[in-house]
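Me: I'm new to reading protein structures. Could you walk me through this one, one feature at a time?

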Amino acid sequence: MNQLALAIPWLGKRNPAAARWVVIALALAAPLIAVLFGKTWVRILDFAMLYVMLAIGLNLVVGFAGLLDLGYIAFYAVGAYTFAFLASPHFDIHLPFWLALPAGAAFAALAGIILGLPTLRLRGDYLAIVTLGFGEIVRIFLNNLNHPINITNGPQGINMVDPLVLFGWDISQGLQIGESFKINSLFLYYYVFLAFVVLSIILVQRLQISRIGRAWAAIRDDELAAKAIGINTRNMKLLAFSLGATFGGVSGGLFAAFQGFVSPESFSLMESIAVLTMIVFGGMGNLAGVIVGALALTALPEILRYVAVPVQQALFDRVILDPEVLRMLLLSLAMIFMMLLRPSGLIPAYSRYSRPELVVGKQSSGEVAK
Amino acid sequence: MITLLEARGIGKRFGGLTALSDVSLTIRKGEIYGLIGPNGAGKTTFFNVLTGAYTAEEGEIVFNGSELPAGKPHLVVEAGIARTFQNIRLFREMTALENVMAGHHIRSRANPFAILLQTKHAKEEERLITERAFELLRYVGIERFADTVSKNLSYGDQRRLEIARALATEPQLLALDEPAAGMNATETAKLRELVQTIRHDGVTVLLIEHDVKLVMGLCDRLAVLDFGKKIAEDVPAMVQKNDAVISAYLGGGTHKVGAAA
């Protein structure tokens with residue numbers, strides 16, 4: 001979060017403490033601001049939170065460990081479907097949220113290991129191709145496993161997934177305060193998702209500044225040298241895949257509960273690429289960058305959808321470019337400009353894997369050196 | 001003298017090319033042992049076999065009384081052999097301190113759950129690692145660059161950092177692959193001091209080097225490789241007088257090469 005605060009222009013560097021409060025205030029007030037533009041925007045914010053979680057998880061694999069994964073959405077799918085199997089009328093199982101979600105996460109982690117094992121020796125482009133294939137395989141399985149035995153219900157997906165129920169309180173019903181005032185469930189979902197995001201950030205930061213985070217960074221920077229200092233690269237890569245997948249699985253479970261239904265089309269290759277783009281756009285390897293990237297790239301298409309048509313009508317009296325076309329066009333343009341102007345992302349990675357302040361007496365030696 | 005490492009009849013082929021054949025040598029505890037030879041003699045190949053990067057077809061290496069696992073670099077490090085690279089291989093995006101901290105990986109134990117929960121033990125271990133890493137930077141004399149990203153360090157300092165990182169694995173045998181390559185006279189002199197300090201502090205050193213002057217002055221004993229075979233193993237003074245060695249280095253008459261082969 002400190003990184004996020006520092007990234008705020010002007011204020012971040014002058015008054016980090018104030019900037020930190022700005023970040024907290026923004027995070028808490030976001031849905032209240034969004035609702036001024038309509039309820040849809042709160043919904044978009046909810047999705048943005050899920051994407052932030054996905055981006056954090058993928059960043060663990062791609063940004064920290066340097067394993068290019070183009071099939072990450074598969075873990076999102078595994079998490080979502082596991083949740084849907086365990087909490088919907090489809091199999092008539094209705095496990096509570098606190099069991100279904102960890103189950104989704106665990107299955108996603110298992111899927112991560114299954115993907116990781118055969119790809120251990122691959123790097124870069126080759127790994128990307130295999131993971132891309134993996135993502136598609138999962139989607140195709142989901143699409144076709146309704147025959148001969150109906151497991152996934154095929155392209156129709158699974159409907160009526162149980163909503164989030166926290167301690168016997170069904171969030172999707174909203175919160176009734178008194179007679180006249182009711183908090184919409186979209187707001188409640190936002191705060192639940194926000195809590196998950198904050199927890200993810202804390203956990204990932206702990207991993208980053210640890211022997212494991214350093215081992216990942218070592219493998220990313222130079223695998224041969226990493227082996228030469230005794231890092232078991234096989235185990236560390238598998239750990240990266242499975243932990244990264246866990247975040248995808250949790251996000252998927254939340255998605256299933258929030259949306260109420262899951263279908264294979266939510267987990268297309270384009271989604272994998274979208275999450276990867278968020279990371280690259282924001283700043284690979286940097287948590288703050290990844291979060292900003294995820295928020296920006298979730299919001300951008302929606303803003304376009306609402307702005308492009310009226311603006312074009314006002315300027316040319318008709319719609320020349322369909323918002324969907326415009327979206328791809330602008331996104332590509334944004335990426336090209338990013339490559340030219342800020343090749344390492346919006347907030348370039350300044351990743352720390354240590355706490356130098358832990359060194360006792362370092363200050364004094366620093367003075368001597370001066 | 002106690003034997004620390006014994007290589008017995010090491011043979012390594014790449015397709016039809018025999019890179020090493022029947023190389024046996026013995027490194028004693030506490031010495032600086034040199035491995036020299038002309039270009040392509042098989043020095044680096046031997047090095048890679050020793051550190052587990054390659055698997056030898058023949059022979060075995062006994063370290064500290066037990067056989068070294070072949071082709072498993074991380075187990076070799078765990079057994080107590082650390083190495084540096086001829087062309088420096090640091091973790092470029094990490095700071096100097098973090099590079100050395102990464103070197104502590106094999107000697108630390110915190111598992112993912114302990115780290116995620118930040119248990120007392122994990123926190124304490126992290127503090128110890130940071131402190132020890134800083135000590136090592138001081139040991140090799142670059143503590144003022146602790147927070148510098150390693151790719152921005154000068155060439156000589158990168159070499160030192162690589163040695164510090166290798167020492168972080170707490171080795172009994174430190175294997176240096178041409179540490180003086182590309183260094184100027186001052187830097188070489190400093191390196192020589194550092195190697196002597198390391199030996200003095202109880203770490204056996206294996207040195208592969210082109211710089212014959214450095215090797216002769218620094219090593220207690222050395223072995224000479226030529227065309228994948230060991231042609232001499234002795235104290236520097238005796239090696240210098242060895243006919244096979246002289247012909248290998250000066251490209252002597254055919255009868256000498258025949259004798260060497």
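Me: How many Å separate the centres of domain 1 of chain B and domain 2 of chain B?
Reply: Centres here are taken over C-alpha atoms, and in this predicted model the two lie 28 Å apart. Domain 1 of chain B covers 1–80 + 171–261, and domain 2 covers 90–170.

Me: How many residues of the two domains are in contact?
Reply: Two residues count as touching if their C-beta atoms lie within 7 Å. By that test, ten residues of domain 1 of chain B meet ten residues of domain 2 of chain B. On the domain 1 side, α2 (73–79) and α7 (185–200) of chain B each supply at least two residues. The largest share, three residues, belongs to α2(B). Sorted by class, that side has six nonpolar, two polar and two charged residues.

Me: What does the radius of gyration say about chain B?
Reply: Compare it with the value for a compact globule: with 261 residues that would be near 18 Å, and chain B has 19 Å, which agrees. As for burial, 46% of the residues of chain B count as buried.

Me: Which helix of chain A gives the most to the side that touches chain B?
Reply: Start with both sides of the contact: 31 residues come from chain A and 37 residues from chain B. On the chain A side, α9(A) gives the most, with seven residues. That side divides into 18 nonpolar, five polar and eight charged residues.

Conventions: Residues are numbered from 1 along each chain as its sequence is written. Chains are lettered from A and ligands numbered from 1 in the order in which they are written. This is a predicted model: local features need pLDDT of at least 70, side-chain atom pairs count only at pLDDT 80 or more; totals for chains, interfaces and linings use all residues. The radius of gyration is taken over C-alpha atoms; the globule rule is 2.2 Å times the number of residues to the power 0.38. A residue is buried if 20 or more other C-beta atoms lie within 10 Å of its own, exposed if 12 or fewer, and partly exposed in between; C-beta atoms are placed from the backbone. Helices (H or I, at least four residues) and strands (E, at least two) are DSSP runs, numbered from the N terminus. Ala, Val, Leu, Ile, Met, Phe, Trp, Tyr, Cys and Pro count as nonpolar, Asp, Glu, Lys and Arg as charged, and the others, Gly among them, as polar. Domain bounds come from an automatic or database domain assignment.
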